[in-house]
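Student: Could you walk me through this structure and show me how to read its features?
Tutor: Gladly, let us look together.

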Amino acid sequence: MTGAGPFLPGSTLGVVGGGQLGRMFALDARRMGYTVVVLDPDPKSPTGQIADDRIVTSYTDADAMRQLVERCDVVTYEFENVNADAVATAEGSGHVRPGSHVLRIAQHRLIEKGALVENGFPVAEFAAVDTMADMVKAFERIGTPAVLKTATSGYDGKGQIVLRSAVDMREAHTDLRRQSEALILEAFVPFDLEISVIAARGPDGEVVCFPPSENQHVNGILDVSIVPARIPVEVRDAAVKLASGIAEALDVVGLVAVEMFVTTDGQLLVNEIAPRPHNSGHYTQDACATSQFEQLIRAICSLPLGSTELLSPVVMVNLLGDIWADAGGTPDWDAALGVHGAVLHLYGKSEARIGRKMAHINVTAPDVETALARALDARERAAGRG
Ligand code: AMP
């Protein structure tokens, strides 16, 4: 660790977590001349394949976290469920960006919702649920439909149950209490669409946002991101204002992805935040002047933030392990790459399980509808159905 920055190319960056987000961070970091060290239990993780060096241990290993921070000029993380106490301790010996205070907020849905409300940001009605008695009380207030979620460790729609009537209440409570002590009941939001905005903030307080992306989910997992989002310009501006407000209010240094609902009456409600690169920001890799990964590097290294200008309409499609199964082994890349404007990003995961994020394809085109049709076509071709 040296000084407070700027940390110029040639410096060493650490990343906690070896998944695809860390991999794409490492690819951009190496392109920019940085050295990358990853902390992950798997030496051959998607990030481990790209990084210069690996600390092979669990995310809860506080000693290793401190070692990583001491060894690197700046450390960041690619997922929220890292040991926040270990990060807080390690912060004493160097730079972790975003800081552990942001991590603590993003790791716990109740703390997250509380922090958003406290700072005046709009969220759906919610209540903390511990016992069955809390559940009954929360249900009386919020009504149906509602969504019961675990407060911690939920991702990609896991750890949540939609409740259509009070009849389902007891079973849902028992089921989710097995996964987490703390639960949250949220009003089910009647939304037109879901969007997200990725804000970047530097240590000097400068904030820039990428254009909102329109996100479609299947089984709680992001399926398609469409940019520009098909929303009125006032909603677009309001979404960007909301995301930059959150980056400021939470004192984020790095990125914060803000997922929002656009309700049927045109209001924005924040669903959740993630202080890291986000799946819905992958479109930036091939359609913006600066990718979200380079932007993260710039922000945490105290460098000028890059232009977030959208250079072309773009659609990103996720490729889950299901595509490998559909294709009977390896996807038909030859056919998929025959689609005009298709760019493949493959994560280097050895096992293609159903529901596992394996790759994505970005397609740029002169208009968003063409990009969407071509991106879906590319995925169908990959699955052997083209
Ligand atoms: P989450 O893990 O909270 O991002 O939820 C995954 C997906 O479930 C979201 O992207 C929405 O499609 C849906 N969802 C979550 N919470 C709600 C809610 N309160 N109302 C309606 N849909 C929801």
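Student: How are α4 and α5 oriented toward each other?
Tutor: Angles between axes are sorted into groups: under 35 degrees is roughly parallel, over 145 roughly antiparallel, 65 to 115 roughly perpendicular, and the rest oblique. Axes are lines fitted to C-alpha atoms, for helices over the stretch in contact, and angles run from 0 to 180 degrees between N-to-C directions. Here helix α4 (residues 100-107) packs on helix α5 (residues 109-118) at an angle of about 110 degrees, with the axes 5 Å apart. The two helices, α4 and α5, are therefore roughly perpendicular to each other. This is a predicted model, in which local features need pLDDT of at least 70 and side-chain atom pairs count only at pLDDT 80 or more, while totals for chains, interfaces and linings use all residues. Residues are numbered from 1 along each chain as its sequence is written, and side-chain values use heavy atoms, with hydrogens and water left out.

Student: Which residues make that contact?
Tutor: Contact means heavy atoms within 4.5 Å. On the α4 side you will find R104, I105, A106 and Q107, and on the α5 side R109, I111, E112 and A115.

Student: How do those residues divide by class?
Tutor: Ala, Val, Leu, Ile, Met, Phe, Trp, Tyr, Cys and Pro count as nonpolar, Asp, Glu, Lys and Arg as charged, and the others, Gly among them, as polar. The contact of α4 with α5 has four nonpolar, one polar and three charged residues.

Student: How are helices and strands named?
Tutor: They are DSSP runs, numbered from the N terminus: helices are H or I with at least four residues, and strands are E with at least two.

Student: At what angle do α1 and α10 cross?
Tutor: Helix α1 (residues 20-31) and helix α10 (residues 292-300) cross at roughly 70 degrees, and their axes come within 8 Å. That makes α1 and α10 roughly perpendicular to each other, therefore. The contact brings L21, M24, F25, D28, A29 and R31 of α1 to F293, E294, L296, I297 and I300 of α10. By class, the contact of α1 with α10 has eight nonpolar, no polar and three charged residues.

Student: Is the crossing of α1 and α10 left-handed or right-handed?
Tutor: A crossing is left-handed if the near helix is turned anticlockwise from the far one by less than a right angle, and right-handed if clockwise. The crossing of α1 past α10 is right-handed.

Student: At what angle do α6 and α7 pack?
Tutor: Helix α6 (residues 132-142) and helix α7 (residues 169-177) pack at about 130 degrees, with their axes 11 Å apart. That angle makes α6 oblique to α7. α6 also passes α7 in a right-handed crossing. In this contact, M132, M135, V136 and F139 of α6 meet M169, R170 and H173 of α7. These residues divide into five nonpolar, one polar and one charged.

Student: How many aromatic pairs are there?
Tutor: Rings of Phe, Tyr and Trp (its six-membered ring) pair if their centres lie within 6.5 Å; planes under 30 degrees apart count as stacked, over 60 as edge-to-face and the rest as tilted. This structure holds three aromatic pairs. One of them joins Y59 and F79, edge-to-face, at 4.7 Å centre to centre with 65 degrees between the planes. Y59 is in the loop between β3 (53-55) and α2 (62-71) and F79 in the loop between β4 (74-77) and α3 (84-90), so the pair ties together parts that are 20 residues apart in sequence.
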